Amino acid sequence: MSCKMRKITLPTLFAVLLAVSCNKVSPIGVLVAGTAVEDRVAMSELFYRNHLNDRVFLIADGDYTFLVGADSHITNDSARMDEMLETGLNDGDLFYAHLGDIADTKAEYYVTLDSLLQEAKSRYVEKNYTRVNTYEYVRNDSQEDTPARYLYDEIVYPFFPVVGNHDITRNGWALWSNIFHSSFYEIDVIVFLEDGEIAFDHLIFLDSASGTLGKRQIDLINQGILDGKYDDGTSQYRNTFVFSHTNIFRPQFFEFASTFTREETFFLLDQFEKWNVTCAFCGHVHTWDERNYNGVHYLTLDTMCEKNNPEPGDYLVRVHCDADGEVKWSPVHMDTRKRK
Amino acid sequence: MRKIVFALLASLSVSVAGAQTYSGSRAYDGVHRNVIDGTFLGGFNVVTGWFVGESGTYTRHLTGRWSVSAGEQVQLFKQLYSLDVMGTYRLPIGRTNLYFDGRLLFNRYDRWNVNEPIVNLSAFWETSYVDLRLGESLVRYHKIGVKEEYRSYTTTGYTEPLVMTFGLGVHIRPRSNPWNLGLFIRNFDQFYYENWNINWGVRFHASLKPEMKLYGEFNVRPAGSISQLATRYETSLKVGLHYVL
């Protein structure tokens, strides 16, 4: 390289780096979305504070089950997503959890998703509620003499997703948050047992769509907002389930590895132990993996997206929580062709 | 080819010196067989907060081609303690040098009771203006002090099967110049190897005396990866002395 050439090339390299730093390529990372994890967690925190009185509780009578799916990547065809919601409804699952990358970012796909969820909620209400007047509904399984009445909008459709990296690119967060509002949240399951006792199970939904939790989310976790400890330090929860888009473990050597950094990986593994997590569910890598590390069970789910997995297969997981607290899981087969 | 394979195998069996922050030439200068690097570092990490620390490496040039080194690192507040040994074979190619490094590294993340042993094999090509490192690591971590009730049904360790090592650096002056300034981009640092997380920064060195150089680097380490929209994670500054005797 000639001396003149070097003089041109190296300042140019610096200049290009600085120039591209201003737009889609940032000095702190390579590609940057309109909304970073710090913004999403701040919005989630604000949403939580503004809706303290609307906090969602799920109620189970003894045994219950829930359904988990991952990476549906809805485009124009939402058949697999529809199949998941219908399976959950028909089989009486208490709730349905989704591990992120729910749609493939374009606005029209989120319109499809929203319509799908509206239809699914309508079927859910029809099955589980009775309309008592023009506006109000009561739960079919209510055992109260004067059952509580709900407006349609007050009925919570029990579909709880985490946000995935495909949900935040190209301003996807604006679309996603418009439907689901919060990306970092918790839900308690109140379980009524036969002997009149009550148990609490805990659902924790983490925002790992950026491949990292970010400072605010880590600070909130360190502050113990999700710990649920009694004054004597014991946990009030019987089972804790964590849902995260980004995986921690790599299913096989030729699959994508986790994007969590060293310290963040060890922080999460340690935190899951502190939370006494029964099972942590992850997605993102589109490959099945199961392992137990330090007393915590980790399930990484394959994608349910028909484009990625066109053949019928066991893409969903059903978790069975027995009244005695024992937890088992089983695969749930999907065969969209039967539905088409 | 046989020479290269032999060098790789031999470098594994010998111990070596680390992926030093010093960005001058690694080659034996024909006079000074002993090299000492000492570095102070400080920075901020979103998981652990502020941290300060030091690292030191001793390198012995056994011959013009072979060298061995050993290093240590302490990062206070992050509670990270590291030891490493490395063996290197240098293969001159024209005016450039190709180094084959075999490295054993042990990290103790005391905050989380995790030990992390790492084996890394890499090739480092050093030209006057550019350096490039490519290699592979076998990274394992395991939890210390697992509860007795877990032991019957759980694993306490995990091995990352393949972790690719990649690093690229450029300078504005020839490597032999008394001072230099450059940029680097890589997915590892002196004492860790990542899968995806690419850190980058600015580095320099300046000669204080013929046998002593001041060096340093400003390192930006984002979290996340390309498709996951990288986020601020760790920023650090290292300043050190490179002394030959």
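1. **Ground rules.** This is a predicted model, so keep in mind that local features need pLDDT of at least 70 and side-chain atom pairs count only at pLDDT 80 or more, while totals for chains, interfaces and linings use all residues. Residues are numbered from 1 along each chain as its sequence is written, and chains are lettered from A and ligands numbered from 1 in the order in which they are written. Helices (H or I, at least four residues) and strands (E, at least two) are DSSP runs, numbered from the N terminus.

2. **The five-stranded sheet.** Chain A has an open sheet of 5 strands in the order β7-β3-β2-β14-β15, with mixed pairing; strands pair if DSSP finds at least two bridges between them. β7 and β15 of chain A are at the edges with a single partner strand each, so one side of each lacks a neighbour in the sheet. Direction ignored, neighbouring strands here are turned by 25 degrees against each other on average. Inside the sheet, β2(A) and β14(A) run antiparallel over 5 bridges, and Tyr64(A) sits opposite Cys321(A) in β14(A).

3. **Helix α3 on that sheet.** α3(A) packs on the sheet, touching β2, β3, β7, β14 and β15 of chain A, and its direction makes about 175 degrees with that of β2(A). For that angle, axes are lines fitted to C-alpha atoms, for helices over the stretch in contact, and angles run from 0 to 180 degrees between N-to-C directions. Contact here is between residues whose C-beta atoms, placed from the backbone, lie within 7 Å.

4. **What α3 hides.** Which residues of α3(A) are buried? They are Arg80(A), Met81(A), Glu83(A), Met84(A), Leu85(A) and Gly88(A). Buried means 20 or more other C-beta atoms within 10 Å of the residue's own, exposed means 12 or fewer, and partly exposed is in between, with C-beta atoms placed from the backbone. The cover over these residues includes α4 (107–128) of chain A as well as strands such as β2 (64–69) and β14 (313–321).

5. **The length of α3.** The 12 residues of α3(A) (residues 79–90) should span 16 Å at 1.5 Å a residue, and the end C-alpha atoms are 16 Å apart, which agrees. The expected span is 1.5 Å times one less than the number of residues. After the helix comes Gly92(A), with a positive phi near 75 degrees.

6. **The β1, β8 and β9 strands.** β1 (residues 57–61) and β8 (residues 185–192) of chain A run parallel, joined by 5 bridges, with Asp61(A) opposite Phe192(A) in β8(A). β8(A) also pairs with β9 (residues 198–205) of chain A, in the antiparallel sense and over 8 bridges. Phe192(A) turns up again there, opposite Ile198(A) in β9(A). The two strands β8(A) and β9(A) make a hairpin with 5 residues between them, and Gly196(A) in the turn has a positive phi of about 85 degrees.

7. **A three-stranded sheet.** There is also an open antiparallel sheet of 3 strands in chain A, ordered β4-β5-β6. β4 (129–131) and β6 (150–151) of chain A stand at its edges, each with a single partner strand, so one side of each has no neighbour in the sheet. β5 (residues 136–139) of chain A pairs with β6(A) over 2 bridges, and Glu136(A) has Leu151(A) as its bridge partner.

8. **The nonpolar core.** The largest nonpolar core has 92 residues, and those touching the most other members are Phe66(A), Val68(A), Phe205(A), Phe243(A), Ala280(A), Phe281(A) and Leu316(A). Such a core is a set of buried Ala, Val, Leu, Ile, Met, Phe, Trp, Tyr and Cys residues joined through C-beta atoms within 7 Å. Leaving out residues up to four places away in sequence, Phe205(A) touches Phe160(A), Val162(A), Phe184(A), Tyr185(A), Glu186(A) and Phe243(A).

9. **Where the chains meet.** 38 residues of chain A are in contact with 39 residues of chain B. The largest share of chain A's side, 6 residues, comes from α7(A). By class, that side has 18 nonpolar, 13 polar and 7 charged residues; Ala, Val, Leu, Ile, Met, Phe, Trp, Tyr, Cys and Pro count as nonpolar, Asp, Glu, Lys and Arg as charged, and the others, Gly among them, as polar.

10. **A closer look at α7.** α7(A) is mostly covered, with 10 of its 13 residues buried, including Phe266(A), Phe267(A) and Phe272(A). Just after α7(A), Asn276(A) takes a positive phi of about 55 degrees.

Key:
Contact = placed C-beta atoms within 7 Å.
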